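I opened a new notebook page for this structure.

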Amino acid sequence: MDRRLLEKAQNSFPLTVRPWRSIGNELSISEKEVIARLNRLSKQGFIRKIGPSLNAVQTDLRASTLVAMKLHEDRIQGVAKMIGEHRGVTHCYQREHEYNLWFTIAARNQPELEKTLEAIKHAAGVTKDELLNLPSIRTFKIDVRFRLS
Amino acid sequence: MDNLDREILYAVQDGIPLTREPFSAIATHLGLAPHEVVERLKRLREEKIIRKFGLFVWKNKVGIVANAMVVWSVPRERLRDVAEFFSRFEEVTHCYQRRTTPKWRYNLYTMVHGTKRKTVEEFVEELAKRTELEDYEILFSVREFVRRSTRVS
């Protein structure tokens, strides 16, 4: 039931005044039980949040890009920390590749984006050859949901 | 999106409470009825300002520990069809076309998640086989340093 509940709330959350009752109705359990189970699952650390994921472009962050860097293994952590201090950085991952540090920047406009990228480039001390700037041209899909059963 | 919409988003962006009427407190605070908050959220979802409203799990906790970005070099004239094909799979959470550079020829990006590294590799091989694409690389993530959600302020 926990898995069914998580999946239901993940994949088709009812936007109603009493959403837990609506979910309970569909799973044939009481509103009270839905709340109790979600409380427990939350305490057990399964739930990141119940709320919205927002579309950056629509909320006024219109410029974004993906950047890759080629770093010496023992510099990754330090550079990643510096990158994370920039407010416009939304993701930063170490990956198994010659280009081993990947991050995304979102900004209100192109000049603001370039400014952040320049600052990071400068602080990281990477050359042109050690960096890729890969802005997106088109988004085909963003839908983060996981099979839980 | 008006100021009231913005205030509603601001109030719910970090999550709603597990109370019987989770939108009531926000509604009272903004001088609205709970159903008005709900109607606005629904509209924001229709307008795609809210991409999704619902529960988000910590993926590690539910066993999703193999996460990869797969980069593909797809002939220009096939890009759209291939992207739409990849997007049909639940395992693919993100699919983007990105600019290429002289030293980086990959133009299509997919995020692929699974419970095991091998599962992800086999899944990607299957995608490659079915699209007859041979030029791709799988970049497994080693460590997550930053992940911030889009926010209103």
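Domain bounds, I note, come from an automatic or database domain assignment. For chain B that assignment gives domain 1 (3-46) and domain 2 (59-140).

Ground rules next. This is a predicted model, where local features need pLDDT of at least 70, side-chain atom pairs count only at pLDDT 80 or more, and totals for chains, interfaces and linings use all residues. Residues are numbered from 1 along each chain as its sequence is written, and chains are lettered from A and ligands numbered from 1 in the order in which they are written.

**Entry 1: domains**

I checked the spacing in chain B. The C-alpha centres of its domains 1 and 2 are 36 Å apart. Chain A is split into domain 1 (2-43) and domain 2 (56-134). Their C-alpha centres lie 38 Å apart.

**Entry 2: helix pairs**

I looked up the helices, which are DSSP runs of H or I with at least four residues; strands are E runs of at least two, and both are numbered from the N terminus. Axes are lines fitted to C-alpha atoms, for helices over the stretch in contact, and angles run from 0 to 180 degrees between N-to-C directions.

In chain B, α1 (residues 3-12) packs with α3 (residues 34-46) at about 95°, and their axes are 10 Å apart. α1(B) and α3(B) are therefore roughly perpendicular.

From α1(A), the contact uses A:Arg4, A:Leu5, A:Lys8 and A:Ala9; from α2(A), A:Ile23, A:Glu26 and A:Leu27.

**Entry 3: the sheet**

What is the order of the strands in the open sheet of 9 strands? I read β5(A)-β2(A)-β4(A)-β3(A)-β5(B)-β2(B)-β4(B)-β3(B)-β6(A), with antiparallel pairing. Pairing requires at least two DSSP bridges between two strands. β5 (131-134) and β6 (136-142) of chain A stand at the edges with a single partner strand each, so one side of each has no neighbour in the sheet. The twist averages 25° from one strand to the next.

Helix α4 (residues 79-87) of chain B packs on the sheet, touching β6 of chain A and β3 (92-98) and β4 (108-114) of chain B. Helix α5 (residues 117-131) of chain B lies across β2 (66-72), β4 and β5 of chain B, at about 140° to β4(B).

**Entry 4: between the chains**

I followed the join in the sheet. β3 (residues 89-95) of chain A and β5 (residues 136-147) of chain B run antiparallel, joined by 5 bridges. A:Arg95 has B:Ser141 as its bridge partner in β5(B).

Then I took the whole contact. Chain A gives 57 residues and chain B gives 61 residues. On the chain A side, the largest share is 8 residues, from strand β1 (residues 47-54).

Methods
Two residues are in contact if their C-beta atoms, placed from the backbone, lie within 7 Å. Angles under 35 degrees count as roughly parallel, over 145 as roughly antiparallel, 65 to 115 as roughly perpendicular and the rest as oblique.
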